[in-house]
Amino acid sequence: QLNKGNTDKAKETMRKLISEKVESGKTEKEAKSALKSSVTAYWKPLYLEAYRDGDTDEMYRIRKLLASLGLYDSTADTCSNWIKSSKNN
């Protein structure tokens with residue numbers, strides 16, 4: 001849903017996934033952390049590809065989508081750190 005820009009549906013799915021993880025014994029913090037890891041694993045390579053291609057529109061779109069989920073304290077800082085870490089590797 002998120003890839004298609006449906007942020008409301010994506011947020012609802014995120015809430016469900018967090019609830020399911022909490023019901024299975026995780027704390028809410030652990031559930032959010034696990035979900036954040038999955039979101040990062042998917043979106044980080046796509047963001048870095050857009051950065052390498054100079055596609056600022058796509059970079060903005062991804063940042064906006066990620067921000068809508070509320071998983072990151074600062075989506076802009078997170079994305080900047082992804083770029084910095086990719087330059088160091």
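At 58% relative accessibility, glycine 70 counts as exposed, a class that begins over 50% relative accessible area, whereas buried means under 20% and partly exposed lies in between (1.4 Å probe, protein chains only). Glycine 70 belongs to the loop that links α3 and α4, the helices being DSSP runs of H or I with at least four residues, and strands runs of E with at least two, numbered from the N terminus. From the C-alpha atom of glycine 70 to that of lysine 87, 17 residues away along the chain, the separation is 26 Å.

The model is a predicted one, in which local features need pLDDT of at least 70 and side-chain atom pairs count only at pLDDT 80 or more, while totals for chains, interfaces and linings use all residues. Residues are numbered from 1 along each chain as its sequence is written, and side-chain values use heavy atoms, with hydrogens and water left out.

The protein chain contains four helices and zero strands, and its elements follow the order α-α-α-α from the N terminus on. Taken along the principal axes, the box filled by its C-alpha atoms is roughly 40 × 30 × 20 Å. Of the 89 residues in the protein chain, 28% are buried. Among contacts (heavy atoms within 4.5 Å) between residues at least 6 apart in sequence, 51% join residues at least 24 apart.

Helix α1 (residues 7-23) and helix α2 (residues 28-53) have axes that come within 9 Å and cross at roughly 130°. That makes α1 oblique to α2. Here axes are lines fitted to C-alpha atoms, for helices over the stretch in contact, and angles run from 0 to 180 degrees between N-to-C directions. Angles under 35 degrees count as roughly parallel, over 145 as roughly antiparallel, 65 to 115 as roughly perpendicular and the rest as oblique. The crossing of α1 and α2 is right-handed, the term for a near helix turned clockwise from the far one by less than a right angle, with anticlockwise giving left-handed. On the α1 side the contact is made by Met14, Leu17, Ile18, Lys21 and Val22, and on the α2 side by Glu28, Ala31, Lys32, Ala34, Leu35 and Val39. By class, the residues of this contact of α1 with α2 are eight nonpolar, no polar and three charged; Ala, Val, Leu, Ile, Met, Phe, Trp, Tyr, Cys and Pro count as nonpolar, Asp, Glu, Lys and Arg as charged, and the others, Gly among them, as polar.

Helix α1 also packs against α3. The axes of α1 and α3 come within 9 Å and cross at roughly 45°. That makes α1 oblique to α3, and the crossing of the two is right-handed. Thr7, Ala10, Lys11 and Met14 of α1 make the contact with Leu65, Ser68 and Leu69 of α3. This contact of α1 with α3 has four nonpolar, two polar and one charged residues.

Methionine 14, in helix α1, is buried, with a relative accessible area of 11%. Apart from neighbours within four places in sequence, methionine 14 is in contact with Leu35, Val39, Leu69 and Leu71. Lysine 9, likewise found in helix α1, counts as partly exposed at 42% relative accessibility.

Helix α3 (residues 56-69) and helix α4 (residues 75-88) pack with their axes 9 Å apart, at an angle of about 130°. They are therefore oblique to each other, and α3 passes α4 in a right-handed crossing. In this contact Met59, Arg63, Leu66 and Ala67 of α3 meet Thr75, Ala76, Cys79, Trp82 and Ile83 of α4. The classes are seven nonpolar, one polar and one charged.

In soluble globular proteins, nonpolar side chains tend to be buried together. In this model the largest nonpolar core has 20 residues, and those with the most contacts inside it are Val39, Trp43, Tyr47, Leu66 and Trp82. Such a core is a set of buried Ala, Val, Leu, Ile, Met, Phe, Trp, Tyr and Cys residues joined through side-chain atoms within 4.5 Å. Helices α1, α2, α3 and α4 each supply at least two residues of this core, and the largest share, seven residues, comes from α2. Beyond its neighbours within four places in sequence, leucine 66 is in contact with Val39, Trp43, Tyr72, Thr75, Cys79 and Trp82.
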